[in-house]
Amino acid sequence: MAVDLLLGLQWGDEGKGKIVDVLTSNYNIIARFQGGPNAGHTLVFNGKKHVLHTIPSGIFHDDATNLVGNGVVIDPVIFKKELDKLEEQDVDYRKSLVISRKAHIILPTHRLLDAASEASKGKAKIGSTLKGIGPTYMDKTGRNGIRVGDLELDNWKDIYRTLANKHESMISFYDVEIEYDLADLEKEFFEAVKVLKSLKFIDSEEYVYQAQKAGKTILAEGAQGSLLDIDFGTYPFVTSSNTTAAGACTGLGVAPNQIGEVFGIFKAYTTRVGSGPFPTELFDEDGETMGRVGNEFGATTGRSRRCGWLDLIALKYACQVNGVTQLMMMKGDVLSGFKTLKVCTAYKYKSEVINHFPYNIEPENVEPVYTEFNGWEEDLTGMSEASQLPKTLNEYIEFLEKELEIPITIVSVGPDRKQTIFRKR
Ligand code: GDP
Ligand code: IMO
Ligand code: MG
């Protein structure tokens, strides 16, 4: 069976966790392929909210296996906290959670390096979640990293010490004050590693290959969003992994010709958390309303998310890079009550009008050109069928489908599992 992918098409937080949870009943295996605890994926069901950072969003379904793939970076301390929360919910994760031996480990000193790097950048900081993501991927590509499989070696603590010492000397190169007590951090880290080691480590590419051969259905769950991709995002204001479809191939060991559906998720407007350009960002009451009604606060850091209109140029680019086959539009309910909605349908780029996503999208280079739409007054949150959706919302959806040439098969009208409307292709 081909592997289906589910990816965020904007700057993250599109609602991936919610939709993976909704789709899990159709899949045997849910697999994370990149990112780490910088992600915060929210699931809401039975009146309760759950936030996952490293653990795949299929974990609440008894009969799905949840795989943390080789492309993921794991912080044992955060991972343990996630497990503790699952235990409180009586989730039997021991039988359903498996971890790739090739996934890399985030050390306490990776987090410190992240903090030192950000502090040294001052105003030019990335706005990182400070989870040690960048330094861990740097050690991976620099061929210095520690992998999950290394934890099974007798001398892994020696390997750890050598790397942590190196990190400490690197921290001292930054001209910033970072206060820390490594002994304390290590105590917590080693205890968490013990818990991690009690879980099932696997050779995940072989596992995925055999699962495919046996006809198992697999959904790969992306983290972050396409505009945060290390290659195709708004560099340097990006994360350190490939968040786009190709990342699923390298992050799980799935061949490109084995990819099936590519589900692309986007919000009916746009948000971004952290620094970096955002052409359709709003600084007015409309932006404030989106943030308030949409409860736009980071699921990992609690920071408020910047809000703005939907950017169709950026969305088209993300669909192209990922080969999206089906779209899912989230949070349409948040736009109820806006008299007029705007969608950016072109960029004014250095006095020329363009329809593609250029190298520079900073405000001095790009000005959005908008097309206006009539809004809808109706509260969508109680709706469950496509036939109930207001006419003006259907016009908005149909315009996007026509421009993107991809069907919108799911419209989400609230955070709960049940607030999900399926549309016919
Ligand atoms: P993820 O990182 O892509 O999984 O998204 P996050 O969990 O970081 O952020 C999405 C937020 O929107 C969460 O608080 C969800 O509970 C919420 N959410 C998801 N879908 C909808 C929706 O259709 N409407 C509303 N109002 N909230 C939604
Ligand atoms: P999910 O999976 C939104 C952003 C950070 C920062 C930049 C780099 O929940 O959609 P990093 O910690 O990777 O060094 O941060 O990327 N970022 C996210 N923004 N959602 C996420 O994940 C994010 N993960 C990282 O805010 O701007
Ligand atoms: Mg999130």
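**Two ligands and their surroundings**

Biologist: What makes the pair formed by aspartate 333 and ligand 1 a polar contact?

Modeller: A polar side-chain atom of aspartate 333 lies 2.7 Å from a nitrogen atom of ligand 1. A polar contact is a pair of N or O atoms within 3.5 Å (within protein, one must be able to donate a hydrogen and the other to accept it, and residues adjacent in sequence count only if both atoms are side-chain atoms). The pair therefore qualifies. Side-chain atoms of threonine 42, at 2.5 Å, and of lysine 331, at 3.0 Å, likewise reach an oxygen atom of ligand 1. The protein buries 93% of the 590 Å² that ligand 1 exposes when taken alone, an area found by the Shrake-Rupley method with a 1.4 Å probe.

Biologist: On what conventions does this description rest?

Modeller: This is a predicted model, in which local features need pLDDT of at least 70 and side-chain atom pairs count only at pLDDT 80 or more, while totals for chains, interfaces and linings use all residues. Residues are numbered from 1 along each chain as written, chains are lettered from A and ligands numbered from 1 in the order written, and side-chain values use heavy atoms, without hydrogens and water.

Biologist: How do you know what confidence the predictor places in the protein?

Modeller: The average pLDDT, the predictor's confidence in each residue from 0 to 100, is 97, and 100% of the residues score at least 70. Confidence is lowest in helix α3, with a mean of 95, and highest in strand β6, at 99. Helices (H or I, at least four residues) and strands (E, at least two) are DSSP runs numbered from the N terminus.

Biologist: Which residues form the shell around ligand 1, and which helix gives the most?

Modeller: There are 19 residues near ligand 1, including Gly15 and Ser412; a residue is near if one of its heavy atoms lies within 4 Å. Helix α1 gives the most, with three residues, and strand β3 supplies at least two. By class, the shell has five nonpolar, seven polar and seven charged residues.

Biologist: What holds polar contacts with ligand 2?

Modeller: Oxygen atoms of ligand 2 lie 2.5 Å from a side-chain atom of threonine 129, 2.9 Å from a backbone atom of glycine 40 and 2.8 Å from a backbone atom of glutamine 224. The protein covers 97% of the 550 Å² that ligand 2 has on its own.

Key:
Nonpolar A, V, L, I, M, F, W, Y, C, P; charged D, E, K, R; others polar.
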